[in-house]
Amino acid sequence: PLPAPGVPGFRTEAARQIGYDPAFETAEDYDFILRMIQGGAAIGFCETPGYHIHAYPGSQSRDLARQNAWVRRALMKHPYEAVRQGLGEELHPAARAWALYGMALGRGDLPAAQEFLDEIADLALPPGQVLERDWLYPLAEGWRLDFARGSLALLHGDGGAALGPLRRAVGQSPRADALNNLGLALRLKGDDSGAREAFARALELLPGYQDAQRNLKNSAAVCITRQPLRSLPSRQDYSPDRP
């Protein structure tokens with residue numbers, strides 16, 4: 001998945017050839033950039049922040065259900081194999097498969113997500129290898145696979161299958177995202193006390209983490225963190241002194 005793109009700049013003629021989709025209510029910049037990439041456009045990044053965004057709990061961009069629905073619509077425009085080819089042979093095979101796994105999650109296509117996850121597992125990378133050290137997910141492959149296996153099991157509603165991988169992930173690195181999902185697996189298995197402890201630990205590590213907050217507050221909530229929390233700052237964290 002792409003990070004938040006900020007404000008995309010583009011050459012007018014190239015943008016006219018791609019065109020905005022006026023049907024989009026949000027995520028229109030994401031849709032535009034994805035179609036530009038698939039259209040062969042050259043993309044560059046400006047590392048100097050040029051603006052600061054103020055995001056609040058009530059902001060439209062914080063409505064994750066709405067955002068996810070429109071991101072799904074954008075992703076549905078692109079066949080998996082076309083995206084695989086567009087990623088290029090120079091990219092590590094596991095990195096390509098992780099991108100496709102994230103795309104399948106964004107589309108709500110759990111069978112395809114499982115296929116891409118199996119593809120990654122079959123590569124048998126060293127558990128401590130880190131593929132994206134300087135990008136979104138500078139995480140060891142062993143942790144990442146366990147988190148993905150557990151999270152995918154949760155999306156299927158199978159707390160039993162989720163418990164083992166998520167416990168291993170927390171044992172390797174007790175991150176807030178793994179603790180939140182472990183809490184949900186424990187709750188599905190009837191261990192409400194353990195679930196609340198996991199949510200509370202997640203919030204100690206990351207105050208304001210909405211999934212854990214909602215799960216801790218409401219015993220009926222099922223807020224699954226589908227992807228690891230990224231390491232890059234959000235747009236509201238940008239400043240001239242912190243790119």
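Ala124 lies in the loop between α6 and α7. Helices here are DSSP runs of H or I with at least four residues, strands are runs of E with at least two, and both are numbered from the N terminus. The model is predicted, so local features need pLDDT of at least 70 and side-chain atom pairs count only at pLDDT 80 or more, while totals for chains, interfaces and linings use all residues. Residues are numbered from 1 along each chain as its sequence is written, and side-chain values use heavy atoms, with hydrogens and water left out.

Ala124 has a positive phi of about 50°, although it is not a glycine. Most residues other than glycine have a negative phi. Ala124 is exposed, with a relative accessible area of 61%. Exposed means over 50% relative accessible area, buried means under 20%, and partly exposed lies in between (1.4 Å probe, protein chains only). Ala27 sits in the loop between α1 and α2. Its relative accessible area is 7%, so Ala27 counts as buried.

The loop between α6 (110-122) and α7 (141-155) also holds Trp135. Trp135 is partly exposed, because its relative accessibility is 37%. Together with Ile37, Ile43 and Phe45, Trp135 forms a nonpolar patch on the surface. The accessible area of these residues together is about 420 Å². Areas come from the Shrake-Rupley method with a 1.4 Å probe, and for residues only the protein chains shown count as cover. Patch residues have over 30% relative accessible area and no salt bridge; nonpolar side chains (Val, Leu, Ile, Met, Phe, Trp, Tyr) are joined within 5 Å, and like charges within 9 Å.

Charged side chains were examined next. Side chains of opposite charge can pair when their charged atoms come close. The structure holds twelve salt bridges. In each, a side-chain nitrogen of Lys or Arg is within 4 Å of a carboxyl oxygen of Asp or Glu. Asp21 and Lys77 form one of them, at 2.8 Å from N to O. This pair links distant parts of the chain, 56 residues apart. Asp21 is in the loop between α1 (12-18) and α2 (28-38), and Lys77 is in the loop between α3 (64-75) and α4 (80-87). Lys77 is partly exposed, at 34% relative accessible area.

Asp31 and Arg35 form another salt bridge, at 3.0 Å from N to O. Both lie in helix α2, four residues apart, or about one turn of the helix. Asp21, Asp31, Arg35 and Lys77 are linked in a network of salt bridges. Arg175 pairs with Asp177, with the closest N and O atoms 2.6 Å apart. Arg175 is partly exposed at 23%, whereas Asp177 is buried at 0%.

The structure holds one cavity of 30 Å³ or more. The largest cavity has about 50 Å³ of space. A cavity is a set of points on a 1 Å grid over the protein atoms alone where a 1.4 Å probe fits but cannot get out; lining residues have an atom within 4 Å of a point. Points are joined across faces, edges and corners, and the volume is the space filled by probe spheres set on them. The lining includes Trp98, Tyr101 and Arg226. By class, the lining has six nonpolar, one polar and two charged residues. Ala, Val, Leu, Ile, Met, Phe, Trp, Tyr, Cys and Pro count as nonpolar, Asp, Glu, Lys and Arg as charged, and the others, Gly among them, as polar. α7 gives the most to this lining, with three residues.

Terms used: On a 1 Å grid over the protein atoms alone, a cavity is a set of points where a 1.4 Å probe fits but cannot get out, and a pocket is an open set with protein on both sides within 12 Å along at least five of seven lines; lining residues have an atom within 4 Å of a point.
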